[in-house]
Amino acid sequence: LDEAKKIYDHSKKIKKKYYDHFINDILNLDLSVTDITSDFTKSFTGNIYNEQLYKFNGFVFVTMEIQFSPAVSVDTKVGEITNSTYYPASETKFPAIGLYADNARHIVFKTDGDIIASDPDNPSGSTLYVTINGFYRYE
């Protein structure tokens with residue numbers, strides 16, 4: 001703040017309550033980013049690794065790696081959000097990032113909490129690997 005005063009001598013003095021609010025926003029102290037990974041369960045049809053789900057301001061931010069072994073070729077439930085508070089407000093499709101030729105049309109987070117791998121494709125016939133990153137609205 002002192003450095004800013006040197007640059008902007010003509011600026012008004014900032015009231016402490018506004019300054020504190022501003023600093024707390026910058027320092028991420030009052031943003032209420034919450035880890036909700038524990039409100040998520042894996043399905044027996046696939047393995048999910050490195051999953052992270054965080055909620056913030058009505059949104060859930062998601063990243064996870066999904067592995068099928070053996071590979072499947074039909075829409076398959078791979079997980080579930082167990083806390084209905086965090087169900088998506090609308091069906092949300094995440095692009096699937098595959099390893100080598102592995103692919104899925106998308107990973108779907110349904111409004112009932114189910115997480116579905118849509119139309120997985122694995123030309124090699126071995127284990128299928130996909131990764132997703134994104135966010136959805138839950139309020």
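## Exercises on a predicted model

In this predicted model, Phe94 has a relative accessibility of 3% and therefore counts as buried.

**Exercise 1.** Classify the ring pair of Phe94 and Phe109, and state which strands it ties together.

*Solution.* Begin with the two quantities needed, since a pair of aromatic rings is described by the distance of the centres and the angle of the planes. For Phe94 and Phe109 the centres are 4.8 Å apart and the planes make 65 degrees; an angle over 60 counts as edge-to-face, and the pair is edge-to-face. Next, place the residues: Phe94 belongs to strand S6 (residues 92–94) and Phe109 to strand S8 (residues 103–109), so the pair ties together parts that are 15 residues apart in sequence.

**Exercise 2.** Determine whether Phe109 is buried or exposed, and classify its pair with Tyr136.

*Solution.* Phe109 has a relative accessible area of 0%, and is therefore buried. The ring centres of Phe109 and Tyr136 lie 5.6 Å apart with the planes at 40 degrees, so this pair is tilted. The pair links distant parts of the chain, because Phe109 sits in strand S8 whereas Tyr136 sits in strand S10 (residues 128–137), 27 residues apart. Tyr136, like Phe109, is buried.

**Exercise 3.** Describe the surroundings of the ring of Phe59.

*Solution.* Ring pairs join Phe59 with Phe61 and Phe135 in a cluster, and Arg137 lies over the face of Phe59, 4.7 Å from the ring centre.

**Exercise 4.** Locate Gly79 and give its C-alpha separation from Lys42.

*Solution.* Gly79 is found in strand S5 (residues 76–81), and at 1% relative accessibility Gly79 counts as buried. The C-alpha atoms of Gly79 and Lys42 are separated by 4.2 Å, although the two residues are 37 residues apart along the chain.

Note on methods. Residues are numbered from 1 along each chain as its sequence is written. This is a predicted model: local features need pLDDT of at least 70, side-chain atom pairs count only at pLDDT 80 or more; totals for chains, interfaces and linings use all residues. Side-chain values use heavy atoms; hydrogens and water are left out. Helices (H or I, at least four residues) and strands (E, at least two) are DSSP runs, numbered from the N terminus. Buried means under 20% relative accessible area, exposed over 50%, partly exposed in between (1.4 Å probe, protein chains only). Rings of Phe, Tyr and Trp (its six-membered ring) pair if their centres lie within 6.5 Å; planes under 30 degrees apart count as stacked, over 60 as edge-to-face and the rest as tilted. A charge sits over a ring if NZ of Lys or CZ of Arg is within 6 Å of the ring centre and within 35 degrees of the ring normal.
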